[in-house]
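Okay, thanks for making time, everyone.

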Amino acid sequence: MLKRALLRAATLAATLLLLLLEGTGAQVVRDPRKRMAAAAAPKAPGKGQCCDEVRSLKVQVANLTSLLEEMSRRQENVVRQMMELDHQTRQQEARVTEAEAKYSEINNRVGIMQLQAAQAVTQTSADAIYDCASLYSRNYKISGEYKLPADEFLGTPELEVFCDMESNGGGWTVIQRRKVGLTSFDRDWKQYKKGFGTIRGDFWLGNDNIFRLTRQPTVLRIELEDWEGEIRYAEYQHFTLSNELNSYKLFIANYSGNAGQDSLRYHNNTNFSTKNKDNDKCVDDCAKLRKGGYWYNCCTDSNLNGVYYRYGEHTKNTDGITWYGWHGPNYSLKRVEMKIRPQNFQP
């Protein structure tokens, strides 16, 4: 009986031991062979060892992330530097182009100054510089702005002109231009006498200056452009103006060109009129009605100094830049140039 009690106590102790081992998470191997194999097998890493490895991996990932961010910043800097270099290259190219243009203009002006210096000691009229045709004959064949020397005989100062050295052989002195539309041509007598506007934009050269330039037999060329981009011209083999005492009366003859019916012929042998000096052949004041200075008859077949209407629209008025022989009285042209050169000019 004592033996049986001891056996029960041993069994209870074993059971308690198993329960304690299970509570701690340990595995109990009852088979001796299995216990030996478990003892021989490598032990799993402990909790402390796993934490060290994870910590090491996190450090490596953080280092790689920092390295990638640094490379990204460097790439952005390189791209920014390349864009800046490209911008500087474009600026340099623009400066070179501008310098070349200025050099060409300065070179041109130097040549004109040399011509003016030579003009000061000119002994014969054949050497004089009267107009753009004179410059062309001295091998100045680039269209642009020039200065004609003073005329001591007439007592007139030097004159700034625009020379067309390309159209129909070149040598043309431009006396009127309409192409921008920012300059009003509704001016008084004094302004039309002296001239107004900008020589590279819209301008009237001045009736006194036109009279001066037409002392020799002169050709007039009128170039017209509509809002569809089509270009026509009218040319007169004889063109001259009287002086101011004769109200700058217009004389033209021998029309040719493709601008339709001659629309300046109606204005031949008429005096110049402005809004403050009515010299037309009509009861109406044509200069006030047409809003420009011109050789009005009664009143117009053309009005090259009229109001600049964009896209040709002026159907409610008859004061636009008109040439009846091409587009009629209710179409205002986009561009007009009037230019002159001597009859004896040879390209």
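Predicted model: local features only at pLDDT ≥ 70, side-chain atom pairs only at ≥ 80, totals over all residues.

Glu230 has a partner, Arg232, and the two form a salt bridge with their closest N and O atoms 2.8 Å apart. Arg232 comes out at 21% relative accessibility. The cut-off for buried is under 20%, so Arg232 also counts as partly exposed.

Okay, now to the inside. Which residues does Lys339 pair with? One partner is Asp164, in a salt bridge at 2.8 Å, N to O. That pair links distant parts of the chain, with Asp164 in strand β2, residues 159–164, and Lys339 in strand β11, residues 335–342, which puts them 175 residues apart. Both Asp164 and Lys339 are buried; for Lys339 the relative accessibility is 0%.

The other partner is Glu223, where the salt bridge to Lys339 is 3.2 Å, N to O. Glu223 sits in strand β6, residues 218–225, and Lys339 is in β11, so this pair ties together parts that are 116 residues apart in sequence. Glu223 is at 9% relative accessibility, so we call that one buried too.

And it goes on from there. Asp164, Glu223 and Lys339 belong to a network of salt bridges that also takes in Arg177, Arg221, Glu225, Glu235, Arg335 and Glu337. For the whole structure, the count is 15 salt bridges.

Where is the cis peptide bond? Look between Cys298 and Cys299, where omega is about -5 degrees. Cys299 is in the loop between α7, 286–290, and β9, 302–303.

That loop between α7 and β9 also holds Lys291. Lys291 isn't a glycine, yet its phi is positive, about 60 degrees. Its relative accessibility is 36%, so Lys291 counts as partly exposed.

Ser247 is another non-glycine with a positive phi, about 60 degrees. You'll find Ser247 in the loop between β7, 231–241, and β8, 250–257. Here the relative accessibility is 12%, so Ser247 counts as buried.

Last stop, the surface. Leu64, Leu67, Leu68 and Met71 make a nonpolar patch of about 430 Å². If you want to locate it on the screen, Met71 is in helix α3, which covers residues 47–120.

That's me done, over to you.

How values were computed
Residues numbered from 1 in each chain as written. Heavy atoms only, no water. Patch = residues over 30% accessible without salt bridge, like charges linked within 9 Å, V, L, I, M, F, W, Y side chains within 5 Å. Areas by Shrake-Rupley, 256 points an atom, 1.4 Å probe, with all protein chains shown as cover. Salt bridge = Lys/Arg side-chain N within 4 Å of Asp/Glu carboxyl O. Helix = DSSP H or I, 4+ residues; strand = E, 2+ residues; numbered from the N terminus. Buried < 20%, exposed > 50% of the residue type's maximum accessible area, 1.4 Å probe, protein only.
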